[in-house]
Amino acid sequence: MSTHVTHWIGGRPHPGAADRRGDIHDPATGRVTGTVDLAGPEEAAAAVAAAHAAFPAWRDTSLSRRAAVLFRFRELVHAHSGELARLISAEHGKVVADAAGEVARGLEVVEFACGIPHLLKGGFSENVSSGVDAYSVLQPLGAVAGITPFNFPAMVPMWMFPVAIACGNTFVLKPSEKDPSASVRIAELWAEAGLPDGVFNVLHGDRAAVDALLADDRVRAVSFVGSTPIARRVYAAAAAAGKRVQALGGAKNHMLVLPDADLDLAADAAVSAGFGSAGERCMAVSAVVAVDSVADDLVERIRARVARLRVGPGDDDRSEMGPLVTREHRDRVAGYLDSGVREGAVLAVDGRDHPVPDGAPGGFWLGPSVLDRVTPAMACYRDEIFGPVLGLLRVPGFDAGLELINANPYGNGAAVFTGDGAAARRFRNEVEAGMVGVNVPIPVPMAYYSFGGWKQSLFGDSHVHGTEGVHFYTRTKAVTARWPDPRGAAVDRRAGAVRAGGVDLGFPVNG
Ligand code: NAD
């Protein structure tokens with residue numbers, strides 16, 4: 001059955017002009033399973049208009065009512081998490097259990113946002129000057145946009161919109177055109193939870209939709225997650241247009257393995273973090289940096305584990321790793337195996353030979369690969385591969401490993417595997433990455449911390465969700481207030497709140 005996915009604007013499906021459509025594939029078969037409308041300026045304007053119109057009433061909705069909608073939404077997503085996971089798996093290719101994991105991690109942000117009455121508390125100072133009080137309030141920005149990548153079609157949008165909406169903003173989500181269905185199902189669940197029409201909108205499309213959102217003055221802030229070249233471009237355009245912007249980019253996540261590490265733990269971690277979701281995770285480990293004395297041993301342990309991985313369709317419970325998202329991406333990833341060997345790396349495991357017993361011939365299959373003796377000059381190290389290819393680099397010791405990691409232009413996640421607390425502490429202190437793991441390979445922060453990288457993995461100042469998310473989606477207003485005492489000017493004068501004798505042109509000082 002072929003599906004047709006269209007926009008969700010103002011609380012209902014919005015087919016719009018639909019001049020252009022994109023194909024949706026089942027990566028496990030390679031077949032086209034549906035189409036998605038690709039917005040032009042008209043549909044983008046309609047989505048922003050709906051969000052803009054819904055803003056005043058949503059901003060003025062009490063915190064208790066907003067929290068009540070969030071609680072209902074949380075229950076509905078939880079109840080439909082299996083259905084959402086299957087939708088994601090069918091269009092992305094990842095195994096259903098992994099897709100359920102991303103829904104669960106997204107839900108944690110919804111749960112965090114349920115605490116919005118507490119999170120939006122401002123400050124209050126009584127009598128900052130005689131008879132004068134001061135306080136601060138956190139106010140929403142207006143209509144805001146989220147532009148998200150293919151690899152987490154539920155979780156990454158959920159990093160953004162629960163917090164944005166809880167803060168009183170209205171939201172236009174532009175999800176990836178490669179796996180658009182989950183976002184529409186999420187919109188339906190919002191409606192069922194009682195979210196007013198227009199507070200959450202979904203605009204499908206590609207660059208044209210993004211450009212229209214960036215050009216629209218009514219969009220007050222942009223959250224972007226995707227590859228570094230597009231993140232840089234979106235950041236520059238949004239900032240030039242005067243919008244608040246956070247643009248999370250690509251990654252090359254390293255895992256340093258020291259000689260005193262538990263090598264079984266490290267090998268398990270390298271394999272799960274390298275090949276989970278076929279390496280299509282922004283927090284995937286793609287570079288294992290091993291100290292020479294343990295490198296051969298580690299490669300052998302990784303090789304043994306990789307051989308046992310079951311690659312197959314995402315909806316088969318036995319599969320541990322699914323296909324890649326598109327044919328072009330599969331071919332591009334496989335190209336790094338050839339270029340790595342040409343540049344001198346050793347292909348310790350060739351994923352092109354990995355068995356895929358239940359894989360349809362047209363599926364975008366590529367098994368897990370390990371490139372050993374990679375060096376920083378090689379393309380397979382310099383580029384973000386975003387696929388099931390683990391590169392292994394060898395270093396003489398801790399200092400060389402740390403230096404290598406810090407020389408990389410990306411700075412999303414980094415992990416150290418060691419039994420030495422002092423080495424771990426030094427790594428945590430000196431590594432240039434936004435998220436650090438100690439004997440933990442994918443250190444994705446909990447919802448009440450904030451997620452984000454450093455260097456070319458983030459353009460902007462704010463990480464997503466947690467308190468940084470609340471600050472990103474609000475503006476602070478500081479208020480200074482005097483209420484003359486109703487008993488009259490004499491009382492105010494006695495209290496020093498009003499000067500005798502009229503106006504004073506001096507700069508206000510406190511007394
Ligand atoms: P992508 O950059 O191709 O696309 C991301 C979004 O931008 C999509 O919605 C897409 O439609 C839109 N887009 C594509 N080209 C555009 C253009 N020229 N102008 C404006 N918008 C455009 O990324 P992807 O392939 O969907 O996702 C994979 C990338 O996302 C990887 O680089 C991965 O590291 C990154 N990612 C980063 C994080 C993070 O937290 N830092 C999280 C997930 C994914």
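How many salt bridges does the count come to? The count comes to 32 salt bridges, where a salt bridge is a side-chain nitrogen of Lys or Arg within 4 Å of a carboxyl oxygen of Asp or Glu. The model is predicted, so local features need pLDDT of at least 70, side-chain atom pairs count only at pLDDT 80 or more, and totals for chains, interfaces and linings use all residues. Residues are numbered from 1 along each chain as its sequence is written, and side-chain values use heavy atoms, with hydrogens and water left out.

The domain assignment gives domain 1 (38-249 + 462-474) and domain 2 (253-456). Such bounds come from an automatic or database domain assignment. The domain centres, taken over C-alpha atoms, are separated by 30 Å. Domain 1 gives 28 residues to the contact, and domain 2 gives 28 residues. Contact here means heavy atoms within 4.5 Å.

The largest nonpolar core holds 67 residues. A nonpolar core is a set of buried Ala, Val, Leu, Ile, Met, Phe, Trp, Tyr and Cys residues joined through side-chain atoms within 4.5 Å. Buried means under 20% relative accessible area, exposed means over 50%, and partly exposed lies in between (1.4 Å probe, protein chains only). Trp-159, Phe-171, Trp-190 and Phe-200 touch the most other members of this core. Its largest share, 10 residues, comes from helix H6 (residues 155-166). Helices (H or I, at least four residues) and strands (E, at least two) are DSSP runs, numbered from the N terminus. Both domain 1 and domain 2 supply at least three residues to this core. In soluble globular proteins, nonpolar side chains tend to be buried together.

Phe-200 shows what such packing looks like in detail. Not counting residues up to four places away in sequence, Phe-200 touches Trp-8, Phe-161, Ile-165, Phe-171, Leu-173, Ser-183, Ile-186, Ala-187, Trp-190 and Leu-195. A second, separate core has 66 residues, including Leu-366, Leu-371, Val-389 and Leu-404.

Val-202 lies in strand E10 (residues 200-202). Val-202 counts as buried because its relative accessibility is 0%. Leaving aside neighbours within four places in sequence, Val-202 is in contact with His-7, Trp-8, Ile-9, Leu-173, Pro-175, Ser-183 and Ala-187. Val-202 and Pro-180 are 22 residues apart in sequence, and their C-alpha atoms are 9.4 Å apart in space.

Helix H8 (residues 207-215) also has buried residues. They are Ala-209, Val-210, Ala-212, Leu-213 and Leu-214. Their cover includes helix H1 (41-59), strand E8 (143-147), strand E9 (170-174), strand E11 (219-225) and helix H9 (228-240).

Several salt bridges can be followed pair by pair. Asp-316 pairs with Arg-318, and the closest N and O atoms are 2.8 Å apart. Asp-316 is buried at 16% relative accessible area, whereas Arg-318 is partly exposed at 49%. Asp-331 forms a salt bridge with Arg-330, with the closest N and O atoms 2.8 Å apart. Here Asp-331 is partly exposed at 43%, whereas Arg-330 is buried at 17%.

A further salt bridge joins Asp-372 to Arg-394, the closest N and O atoms being 2.8 Å apart. Asp-372 lies in strand E16 (residues 369-372) and Arg-394 in strand E17 (residues 389-395), so the pair ties together parts that are 22 residues apart in sequence. Asp-372 counts as buried at 7% relative accessibility. Salt bridges with shared partners also join Asp-264, Asp-268, Asp-297, Arg-301 and Arg-305 into one network.

Phe-386 is not a glycine, yet its phi is positive, near 60°. Phe-386 is in the loop between helix H13 (379-382) and E17, and it counts as buried at 16% relative accessibility. Asn-439, also not a glycine, has a positive phi of about 55°. Asn-439 is in the loop between E20 and E21, and it is partly exposed at 29%.

The loop between strand E20 (435-438) and strand E21 (454-455) also holds Tyr-449. Tyr-449 is exposed, with a relative accessible area of 55%. Met-446, Tyr-448 and Tyr-449 make a nonpolar surface patch of about 350 Å². Patches are made of residues with over 30% relative accessible area and no salt bridge; like charges are joined within 9 Å, and nonpolar side chains (Val, Leu, Ile, Met, Phe, Trp, Tyr) within 5 Å. Accessible areas come from the Shrake-Rupley method with a 1.4 Å probe, and for residues only the protein chains shown count as cover.
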